[in-house]
Amino acid sequence: MFKKVVSFFLAVLMLMMLLPGCSKKANNKDNSNSNATVTSTFKGYPMDKKDTKLTWWVGTGYTLNAAYGKASDSPFHSGLAEQLGVTIDWQFPTAGTDGTQAFNTMLASEKLPDIIFWGLMSDAERYMEEGVIRDLTKEMPTYSPAYYKFIKSNPTYDKFMKTDSGKYYGYGFFREDGGWNDSYQGPVVRKDWLKAQNLEEPKTISDWDNVLKVFKDKYGAQFAGPWDRFKQGGISGAFGAYGSINTIYYIDPNGKVQLAQAQPEWKNYMQKLNEWWKEGLLDKDIMTMNDKIAQSKALNGKTGLSYTSMGQLTNWINDAKKANNGAEWAGLQYPTSDDGKLPMIFGGYGIGTVVAVVTKSCPDDKLETAMRALDYAYTKDGNLYWNFGKKGVSWDYNKDNEVEYTKLVTEDKDGLNNAISKYGGSTWAGSCIQATRMLYLKNIKEAIDANNTWYNPNKDIAAKWTYPAAVTFKTDESNQLEELQNAISTYASETAAKFITGQQSFDTFDSYVKKLNDMGLEKVLKIRQDAYDRFSKR
């Protein structure tokens, strides 16, 4: 896998050399932004910038591991400063603080940090206009050459990482194998129970009905799983729907923006969940179920058909092995409708929704240092550090020249998954490229096989329905969406829970949709459609 990572970076460089026409076109555009006036005396990493302090706010992804009270104790954060040759003042939301609330508080402060890592993509144009973040278009090719070559190597990357007006502003989160990494959660099943009851793997939603009933009758088990994962999309595709409980705006087959929770297919999905709720096939505690509770349910035989992530499935299988309880968990293909249709699964383009940006508070004399610090993650050495930590400490090469974690990580008392996030910054989300090798080392074979099961048969429907996170809104559009969307989301999610539990009759569905429109849904869809159309023309 290490060879794959190296080949990936070499391919980027070769592509730039073999496509002079594309490079010339890009350079002509760059020259129009006066890139030729940007100079540098950069000599490599670590930079001789110990006297330079960068303030770096991180709201998600590579925040401080719970094992550490401050950044100086964190191997990844303190080590990155050493690798870069700069002093970093790391800033994070205080423990227990909502990330969005912390970001808004920070944004309202008189002085911003030099670098911010947060979900800023859709409002990038607005933040540039308001003087919050810098337009990096002119400096990017010179101060961040590795990153610039990387995004220029793939038209989709380039399209996602600039605004409608062509401005480059941030450093994104990319997954080495694209959509495969993005489809990291899906259905799972107890194969030993299927065998014991002479059942085949369920394929359609009617098959699911039968398996759930048998599992409840024979084992007292119900459908259960972490709600925060299931409510994103769940198994809505089996009903021709494009979302579960969380409000999801999607692109329909005709290129039109729609709200999943306002469609008749979504109503059908809610009716099925309500049916399972009434028949005792759906765990009544599911709406308060987190990963730990779901893991306990799986260990104690309280569920045999579920929905979880690749990482959590690794935990479930390891638990079963330690308990020697005979449980054989495996990934399961997403259920289809009874006529075999499946328009969507949980997935994406292999590009995250978060970016690192340089703020206007970063003075001109620190700009190159900040951009070099961010560029490091996209170099060969930087990619290794961001994914695995420091060579010889948390990882080294094995006899096949592949990256392997050392005992410091594999024998960590807090467990492998937790340990990996102590030494690397790509585990959840980062301003970097997440290496597939890291995921292979983090998860067991059965979990990797599950990810293959979720993604490989569904490549064509894993991303094209998603509303791209890189769609940028104009300032007035952002203001209108901010005013309307929160209320719509709250109302739709609350009503979804009421439909499932039977607190609200499905006879009220039409009035529910009417209220969504009265709350401004049609205006929201118009704004999102206009923005999506602009994005499509980039």
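This is a predicted model: local features need pLDDT of at least 70, side-chain atom pairs count only at pLDDT 80 or more; totals for chains, interfaces and linings use all residues.

Residues are numbered from 1 along each chain as its sequence is written, and side-chain values use heavy atoms, with hydrogens and water left out.

The protein chain has 24 helices and 13 strands; these are DSSP runs, with helices (H or I) of at least four residues and strands (E) of at least two, numbered from the N terminus. The C-alpha trace spans about 70 × 60 × 45 Å along its principal axes.

How many of the contacts join residues 24 or more positions apart? Among contacts with a separation of 6 or more, the share is 77%, where contact means heavy atoms within 4.5 Å.

Of the 538 residues, 57% are buried, meaning under 20% relative accessible area with a 1.4 Å probe, protein chains only.

Now the helix. H3 covers residues 75-84, and its buried residues are Phe 76, His 77, Gly 79, Leu 80, Ala 81 and Leu 84. An α-helix has 3.6 residues a turn, so residues three or four places apart point the same way. The cover over the buried residues of H3 includes strands S1 (49-58) and S2 (86-91), along with helices H16 (364-375), H17 (380-388) and H19 (416-423). Just after H3 comes Gly 85, with a positive phi of about 75°.

Terms used
Buried means under 20% relative accessible area, exposed over 50%, partly exposed in between (1.4 Å probe, protein chains only).
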